[in-house]
Amino acid sequence: MSDTIEKDIVAIIAEISGFDEEEITPDKNFYEDLEIDSIKAIEITVAIEKKFKISVRDEDVPNITTIRQAVDLVNSLLIKK
Amino acid sequence: MSKASDAYDVVIIGAGIGGLVCGCYLAKAGMKVLIAEQHFKPGGYCTSFTRGGFTFDAAAHSFGGYREGGIVRKVFAELAVESKIRINRFSPSDIITTPDFAIQLHDRWEDSVYGISSLFPDERKNIRRFFEYFVHPDPLYSARLRKWTFQQLLDHFIQDEKLKAALAYPLYGNGGLPPSLMSAFIGAEIFTEFLLDGGYYPEGGMQKIPDCLSQQFREFGGELLLSQSVNKIIAEDGKVTGVVLENGGVIPCQCVISNCDARQTFLSLLDSKMLCDNVLQRLNEMEPSLSMFILYCGIGQDASMPLHEGINYWYLQNYDLNAIYRNAHNENFDHAVMVRVTPQSKNILAFQNVAFHDQTFWQNNKDMWIERFIENVENIAIPGLSQMTTFKDAATPSTLYRYTRNYQGAAYGWASLLSQFAEPEFKRPSFVKNLFLVGHWTTFGVGIAGVVYSGYSVADLLLKKWKKAYN
């Protein structure tokens with residue numbers, strides 16, 4: 001399940017950042033490696049929320065800086081659903 | 001018939017500011033780019049026109065985002081536009097007058113805080129915190145804003161209802177929504193321009209901006225066709241392969257960027273059968289923003305003018321922005337007006353948000369509305385305006401549609417409702433490959449700074465992929 005989630009998240013980030021999916025590895029940092037600015041960060045958050053039909057807590061948004069963290073967070077929210 | 005050698009990497013439909021900025025970046029990087037614009041001049045809503053011996057800015061009349069580190073400053077510097085136009089800043093940029101008080105927005109935000117706090121001493125701390133939020137946006141707040149309306153943001157910081165209405169009014173004038181309906185994220189983008197960074201104006205008028213971008217685009221090797229509509233976007237196997245011009249010419253290309261409204265792009269230009277049901281349904285649910293009635297008055301050179309040039313004067317005669325918004329749909333629109341004296345030429349522009357009506361309605365009503373609008377401006381801002389006016393005309397929603405083809409003459413693309421914020425399908429449609437949208441129909445931002453960012457970000461996205469494929 002986690003693999004599919006990771007794939008979907010990577011696809012969303014590839015669409016928004018312009019980086020290829022192969023380049024977006026779990027430890028890549030949104031801001032330092034993937035050139036995500038504040039507008040794209042919200043774009044990604046909203047896209048993930050819509051895709052998985054979840055609501056990310058506001059206070060978690062600034063703390064998510066890597067792909068791995070994003071996947072873990074989505075996983076934990078899906079389990080709670 | 002076009003030959004293969006006529007193929008372009010990218011065709012951009014529409015030479016609005018978003019399309020031009022995007023085209024400049026792509027051409028500068030070496031891509032072969034064509035921009036086709038249906039109007040005989042570039043700029044979209046950011047154009048000027050001459051009539052009766054007077055030159056008027058058609059709709060866009062000043063801009064923000066030009067501070068150090070601002071998106072417009074960055075883009076104009078990178079595209080070498082900065083050195084070709086002289087941009088002046090007016091301070092105060094905006095004066096918002098209500099029945100009880102007037103607040104001014106200055107080039108130094110601390111001066112604005114000082115002035116507003118002297119009118120609302122009990123709110124001194126709140127006003128400073130509110131302004132500081134925009135000066136140093138906190139990532140947590142940015143995250144919150146995606147779920148908030150601008151009203152929630154105002155309520156979070158400010159107590160006084162009249163002050164909230166005054167602060168929110170320029171947002172109504174630049175986004176066409178009351179704060180109770182506007183996405184806080186988009187509202188904050190618009191607001192940041194006002195508070196930190198408003199009042200910029202190019203010497204010679206707003207047309208200088210698209211003209212200069214067009215010149216740069218051509219110097220970078222781009223090709224700009226004016227008075228040439230695109231009639232069709234061709235797609236095969238779910239992928240864009242070219243466009244058909246109005247003159248029947250078929251232009252093959254790898255990628256199409258539409259600076260047009262999303263309905264036109266998806267329903268008229270593309271084969272609408274390509275649309276998946278959920279996107280079609282969403283498209284039919286989406287609400288466009290309000291349109292605009294814009295009054296243009298040419299005045300005699302010796303007329304004595306009580307307003308200073310280059311300042312946006314906002315007159316709010318009723319604090320209930322929800323009622324003003326409802327009334328705008330019922331042709332009762334006199335309670336919120338923005339008036340401006342154009343720098344150098346000293347012409348008068350006045351703006352009111354109105355709902356769309358067809359051409360016949362405006363043919364029957366335009367003259368009456370002009371007289372009523374002049375009378376209103378005389379009463380609230382410029383006594384004797386009718387006597388000093390030697391030329392008068394107006395743009396109706398139908399005019400805005402005719403020149404730009406924005407759906408229903410919408411002044412700011414899709415309404416920036418909280419429920420319409422950040423719709424990825426309206427920026428990068430998933431049902432067809434290599435089609436992108438730029439401009440104020442992309443649900444991520446409006447105004448000059450918003451569309452400049454949209455053009456820049458789509459170019460950045462494409463260049464990352466293109467550089468990898470070819471370099």
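**Reading chain B and its contact with chain A**

Guide: In this predicted model, 18 residues of chain B are in contact with 15 residues of chain A.

Visitor: Which elements of chain B give two or more residues to the side that touches chain A?

Guide: Those elements are α5 (139-145) and α16 (447-470) of chain B. The greatest contribution comes from α16(B), with six residues.

Visitor: How many nonpolar, polar and charged residues does that side of chain B have?

Guide: The side of chain B that touches chain A has ten nonpolar residues, seven charged residues and one polar residue.

Visitor: Which secondary structure elements does chain B have?

Guide: Chain B has 16 helices and 18 strands.

Visitor: How does one read the faces of a helix?

Guide: An α-helix has 3.6 residues a turn, so residues three or four places apart point the same way. Helix α4 (residues 124-135) of chain B has twelve residues, and its end-to-end C-alpha distance is 17 Å, close to the 16 Å expected at 1.5 Å a residue. Its buried residues are I127(B), F130(B), F131(B) and Y133(B). Viewed down the axis of α4(B), these buried residues fall within an arc of 150°, so they line one face of the helix.

Visitor: Against which helices do the buried residues of α4(B) pack?

Guide: They pack against α3 (109-119), α5, α6 (150-157) and α8 (184-197) of chain B.

Visitor: Where does strand β12 of chain B find its pairing partners?

Guide: One reads the sense of each pairing and its bridges in turn. Strand β1 (residues 8-13) of chain B pairs with β12 (residues 250-258) of chain B in the parallel sense over five bridges, and I13(B) stands opposite S258(B). Strand β11 (residues 239-245) of chain B runs antiparallel to β12(B), joined by three bridges, with G242(B) opposite P252(B). Strand β18 (residues 435-437) of chain B runs parallel to β12(B), also through three bridges; here V256(B) stands opposite L435(B).

Visitor: Which residue takes a positive phi in the hairpin of β11(B) and β12(B)?

Guide: The residue is G248(B), with a phi near 90°; the hairpin has four residues between the strands.

Notes
Residues numbered from 1 in each chain as written. Chains lettered and ligands numbered in written order. Predicted model: local features only at pLDDT ≥ 70, side-chain atom pairs only at ≥ 80, totals over all residues. Contact = placed C-beta atoms within 7 Å. Nonpolar A, V, L, I, M, F, W, Y, C, P; charged D, E, K, R; others polar. Expected span 1.5 Å × (residues − 1). Buried ≥ 20, exposed ≤ 12 C-beta atoms within 10 Å, placed from the backbone. Arc of directions from axis to C-beta. Pairing = 2+ DSSP bridges.
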